[in-house]
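The structure is shown first, and the notes come after it.

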Amino acid sequence: MEVVRFILEVFAVAAFRTMELLTILNRCHHFRGFVYQHARFSADKKSIEVAVRSRQGSAAVCSRCHQSAPGYDQLGERRFEFIPLWGFFVFLLYAMRRVDCHRCGAVVVEEVPWGDGKRTLTKAYMLFLARWARRLSWKETAAAFRTSWDKVFDAVEHVVNFGLEHRTLGPIDAIGVDEIQYAKGHKYLTLVYQIDLGMTRLLWVGKDRTIESFQGFFATIGEELASQIVFVCSDMWEPYLKVIREKCSEALHILDRFHIVAKMNQALDEVRAEESRRMHREGRLPVLKKSRWLLLKREENLADEQRFRLRDLLRYNLKTVRAYLLKEAFQQLWDYNAAAWAGKFLDEWCRQTMRSRIEPMKKIARSLRQHRGLILNYFRAQKLISSGVVEGLNNKAKVTMRKSYGFRTFRVLEMALYHSLGKLPEPEATHEFF
Ligand SMILES: [Zn+2]
């Protein structure tokens, strides 16, 4: 018995001794045609450096045409950053070869399977960082792995580019288009979402909210997919309406409920602000002071104390109160099932509002009349696409913008939004690093 145990222990020690770093690397990050030579500490003992060389007799691959090609020369050693291990940075050291590629008719740097072009991070590390960057902000990710914001950006960009190249776009039944402001001074993004019942994701990010920017989406998906879209959901922004009429003439176009409510709230807020200022000028009792949220929130969402204040306020004969009552009455529209009844209600509401002598509300009524058909499409389609999806996605987009920024440029936001909302396929990995 003692002897058996002794033999087992000897084997265990031997197995442990062979469990070297290179063994682990070969297990999780192995590439044909390349061998790990040796591992050592850097001079400052903060990093582990692993030397890599090409296997004897294996030809290099041209990075332009991805075919093997005869060697030309070898460049100086490059460092590729790998996933850190137990508090040490890990670098793969490799001297890139150049090939004399006859297909490309040029001397080209070789392609290595663990790296991507000129980036300094290995693909494995980029995928690792990019996954964390979806859970944490980019700044937090950089801090957690003691790297820089730029490298996190690089990692996300690499993963997103792969995803955009490899995603399957169609079929697309329903899309929603929306704008989002990302900086002061009318800096907007146009976001197009797929809002099918079984599939919601961000399909496209465009700069600005012009006709040209939205047309960019249709250029991306191509005519065939565009012609198969059955529902389009949008707000009342005229450039969007125009592009939809042009590119999806067969689709049922629905005005998004959320946007209509938002417009109405804006109008009410305008009435309140103007009246409040006037009352102040005329030295009247400031009954509208701090009433903004009382009026904008739905009554059922108010706290008890706020509800009492609202009831109190509604006793006054004010323009603001009349505008509020019109806005609240309008909510009933969404309870209809049939477009015909909803249409009757809408017409009656607009008629009353046009007689209200409250200009911002009259403006809403005129706009609703003008888009009557599109609004009623909501009732024709409400059982087929989930309303509120666009609003939900847009809220997520806003959270993403807050989390990712460091530099709030279009490129950064574009990458961040695709990364968190695009449901993009990820590059394949040699191992599940966690
Ligand atoms: Zn080539």
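The model is predicted.

**Salt bridge Arg-119 to Asp-154**
- Arg-119 and Asp-154 meet through their side chains in a salt bridge, at 3.5 Å from N to O.
- This pair links distant parts of the chain, with Arg-119 in the loop between β7 and α3 and Asp-154 in helix α5, 35 residues apart.
- Arg-119 is buried, at a relative accessible area of 16%, while Asp-154 is partly exposed at 23%.
- Both residues belong to a network of salt bridges that also links Asp-116, Glu-157, Arg-411 and Glu-414.

**Salt bridge Arg-131 to Glu-432**
- The closest N and O atoms of Arg-131 and Glu-432 are 3.0 Å apart in a salt bridge.
- Arg-131 sits in helix α3 and Glu-432 in the segment after α16, 301 residues apart.
- Arg-131 is partly exposed, with a relative accessible area of 28%; Glu-432 counts as exposed at 51%, because the cut-off for exposed is over 50%.

**Salt bridge Asp-312 to Arg-315**
- The side chains of Asp-312 and Arg-315 form a salt bridge at 2.2 Å, N to O.
- Asp-312 is partly exposed at 35% relative accessible area, and Arg-315 is exposed at 62%.

**Lys-423**
- Lys-423 lies in the segment after α16 and is exposed, with a relative accessible area of 52%.
- A polar atom of the Lys-423 side chain lies 2.7 Å from the backbone oxygen of Thr-200.
- The C-alpha atoms of Lys-423 and Thr-200 are 8.8 Å apart, although 223 residues separate the two in sequence.
- Beyond its neighbours within four places in sequence, Lys-423 contacts Met-199, Thr-200, Arg-201 and Tyr-418.

Key. Residues numbered from 1 in each chain as written. Predicted model: local features only at pLDDT ≥ 70, side-chain atom pairs only at ≥ 80, totals over all residues. Heavy atoms only, no water. Helix = DSSP H or I, 4+ residues; strand = E, 2+ residues; numbered from the N terminus. Buried < 20%, exposed > 50% of the residue type's maximum accessible area, 1.4 Å probe, protein only. Contact = heavy atoms within 4.5 Å. Polar contact = N/O pair within 3.5 Å; in protein donor to acceptor, adjacent residues only side chain to side chain. Salt bridge = Lys/Arg side-chain N within 4 Å of Asp/Glu carboxyl O.
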